[in-house]
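Biologist: I'd like to learn how to read aromatic contacts and pockets in a model like this one. Can you walk me through them?

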Amino acid sequence: MCSPRDSGLSMAAVRMMTRSRSWGPGAAPRRGGEEAAPLQRREAAAEGKKNPSLAKRQRKTQKLKVAYEAPGHEKGESHKALEALGWEPQDWRQQLENIRTMRSGKDAPVDWLGVEHCHDPSAPPKVQRYQVLLSLMLSSQTKDQVTAGAMQRLRAHGLTVDSILQTDDATLGSLIYPVGFWRSKVKYIKQTSAILQQRYGGDIPASVAELVALPGVGPKMAHLAMAVAWGTVSGIAVDTHVHRIANRLRWTRTTTTSPEKTRAALEEWLPRELWGEINGLLVGFGQQTCLPVRPRCGACLNRSLCPAAQSP
Ligand code: SF4
């Protein structure tokens, strides 16, 4: 299991959860991440001339609209836009404060086994960032405890881009089993690692658009990678817990049918300075109190404010 003590990132991660911007492991001041993008684009353009299919993929990536990275989308602007429309969830500030109170013990699985705690803090910064991305890829449809176990085995085996590319699929599968969809993840990990080696010098890209273009990397993983690996809050990371709880509390104007729609709905009104806090806060709340089935409403401070509260 990953221990908070063995993670040099844990404090940075805590800061990430409580501040809108902070720096990740070994990340140079944020300019470093932002400046990497033009370099990567130049290299990618050169590669595209040699490889038409790659150029096609790049054009597709460039067309991807990433609303959460829109220029000028600075602190508070989205909130002001929704305020202008006159909508925000009823009682959300009190509900949020209640959740903070319920989560003050920081004793949910995500608090000690989450992605912030599974990389090797003594590894070179770009290796740490690769390990952060790998743990995110493993974590989808998988409990934190299972992801942490797989990461521990991978670290013991050697968890760098080169070592993973030199590992045969059967061995990689045995190392990550029983994470959810492990067979597909073996394929995605190999493909993504090859791209990182070829295009990013073994590092991970520093933008959401480039991250979601990697095989097996979705928007939630990309936003968490930006926050944990690069120290930049690029959007709200919405997983199944955040999606469920936001709908139960009516934090979306209308019921949303997917985590991506929930992310967009939350970013319309939630002040940007809170975006980095929401994922860890609600994931732990969902693990301990607002469970998927039979939520513990009787023990929830929001029971008198929650439209979905169930009788004990
Ligand atoms: S009252 Fe029940 S459904 Fe509502 S937030 Fe609390 S645990 Fe979840």
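Biologist: Let's start with Trp 92 and Trp 269: buried or exposed?

Modeller: Keep in mind that this is a predicted model. Buried means under 20% relative accessible area. Trp 92 falls in that class, and so does Trp 269.

Biologist: How many aromatic pairs does a search of the whole structure find?

Modeller: It turns up 4 aromatic pairs. One of them joins Trp 92 and Trp 269, edge-to-face, at 5.0 Å centre to centre with 65° between the planes. Trp 92 sits in helix α5 and Trp 269 in helix α15, so this pair ties together parts that are 177 residues apart in sequence.

Biologist: And why is the pair of Tyr 177 and Trp 182 edge-to-face?

Modeller: Planes over 60 degrees apart count as edge-to-face. The planes of Tyr 177 and Trp 182 are at 90°, with ring centres 5.5 Å apart, so that pair gets the label. Tyr 177 is partly exposed at 48% relative accessible area, and Trp 182 is partly exposed too, at 23%.

Biologist: Which residues form one aromatic cluster?

Modeller: Trp 87, Trp 92, Trp 251 and Trp 269 do.

Biologist: Now the largest pocket: what is its volume, and which residues are closest to its centre?

Modeller: The volume is about 910 Å³. Of the 37 lining residues, Ser 139, Lys 220, Asp 239, Thr 240 and His 241 are the closest to the centre. Several helices give two or more residues to the lining, including α7, α13 and α14.

Biologist: Which element gives the largest share, and what is the lining like by class?

Modeller: α16 gives the largest share, with 5 residues. By class, the lining has 15 nonpolar, 15 polar and 7 charged residues.

Key
Residues are numbered from 1 along each chain as its sequence is written. This is a predicted model: local features need pLDDT of at least 70, side-chain atom pairs count only at pLDDT 80 or more; totals for chains, interfaces and linings use all residues. Side-chain values use heavy atoms; hydrogens and water are left out. Rings of Phe, Tyr and Trp (its six-membered ring) pair if their centres lie within 6.5 Å; planes under 30 degrees apart count as stacked, over 60 as edge-to-face and the rest as tilted. Helices (H or I, at least four residues) and strands (E, at least two) are DSSP runs, numbered from the N terminus. Buried means under 20% relative accessible area, exposed over 50%, partly exposed in between (1.4 Å probe, protein chains only). On a 1 Å grid over the protein atoms alone, a cavity is a set of points where a 1.4 Å probe fits but cannot get out, and a pocket is an open set with protein on both sides within 12 Å along at least five of seven lines; lining residues have an atom within 4 Å of a point. Grid points are joined across faces, edges and corners, and a volume is the space filled by probe spheres set on the points. Ala, Val, Leu, Ile, Met, Phe, Trp, Tyr, Cys and Pro count as nonpolar, Asp, Glu, Lys and Arg as charged, and the others, Gly among them, as polar.
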